[in-house]
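Visitor: Please show me the model, and let me ask on what grounds its features are named.

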Amino acid sequence: METLKRGPGRPRKPGAPDAAERMRTARERKRRAGFRLHQSWVNAAPQGYSDHQRLDARSLAMHCLVARKLLANPALIAQARNTLARWRAQAPEPVPSYFLEWGRILEGSPEEIAAFLASMREDATRLRQSSPFTNLLTPEERARIFEAFR
C-alpha cells in the first residue's frame with residue numbers, strides 16, 4: 001500500500017488551484033481594485049482633493065448653473081448689479097477691489113459674463129468667492145450642488 005505524501009491541512013480537491021495560484025489570483029484581484037503592494041496592500045488611488053479644491057470646484061459648479069440661467073434670462077444680470085450696489089453701499093471705506101472688478105465684469109454682455117463665470121481663470125476662481133450671483137440659485141439647486149460635493 002502506497003502512502004500519499006500530504007502537507008498540512010485538508011487535502012486538495014482534484015482540479016483545485018494550489019496555494020501559489022490562489023495567491024496570484026488574490027494579488028491580481030487587489031491590483032484590479034486599485035491597490036498596490038508596498039510591504040502591505042495600500043490603496044493606489046489618488047488621494048482626494050483638498051478642502052480648498054473641493055470648495056473651488058463646488059463654486060465653479062454653482063456658477064456654471066448661474067451662467068446657464070443668465071444666458072436663458074439676461075434680465076437676471078440686473079439682480080446681480082443690484083446686489084453689488086447694495087454691498088457697495090454697506091461697505092466701509094476704502095471699497096474692496098473686488099467690487100470694482102465685479103462692476104467691470106457686469107458691464108459686459110450676457111455671453112461675456114457667462115463665459116467669465118464658467119471660466120477656470122485664476123481671477124474668475126478668486127472672484128467666485130465673493131460673487132453677487134449667489135442669490136440667483138434656488139435653495140433646491142444649491143442643496144443639490146452641495147450634496148454632489150460633499
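The dialogue below sets values against the definitions behind them.

Guide: This is a predicted model, in which local features need pLDDT of at least 70, side-chain atom pairs count only at pLDDT 80 or more, and totals for chains, interfaces and linings use all residues. Residues are numbered from 1 along each chain as its sequence is written, and side-chain values use heavy atoms, with hydrogens and water left out.

Visitor: Why is the pair of W102 and F116 called edge-to-face?

Guide: Rings of Phe, Tyr and Trp (its six-membered ring) pair if their centres lie within 6.5 Å; planes under 30 degrees apart count as stacked, over 60 as edge-to-face and the rest as tilted. The ring centres of W102 and F116 are 5.9 Å apart and the planes stand at 85°, so the pair is edge-to-face. By this rule there are 4 aromatic pairs.

Visitor: What does the pair of W102 and F116 tie together?

Guide: W102 belongs to helix α4 (residues 97–106) and F116 to helix α5 (residues 110–117), so the pair links parts 14 residues apart in sequence. Helices here are DSSP runs (H or I, at least four residues), numbered from the N terminus.

Visitor: Which residues make the contact between α2 and α7?

Guide: Contact means heavy atoms within 4.5 Å. R58, A61, M62, L65 and K69 in α2 meet E141, R142, R144, I145 and F146 in α7. By class, this contact has 5 nonpolar, no polar and 5 charged residues, where Ala, Val, Leu, Ile, Met, Phe, Trp, Tyr, Cys and Pro count as nonpolar, Asp, Glu, Lys and Arg as charged, and the others, Gly among them, as polar.

Visitor: What is the form of the peptide bond from E93 to P94, and where is P94 placed?

Guide: That bond is cis, with omega near -10°. P94 is in the loop between α3 (76–90) and α4. Most peptide bonds are trans.

Methods. Helix = DSSP H or I, 4+ residues; strand = E, 2+ residues; numbered from the N terminus.
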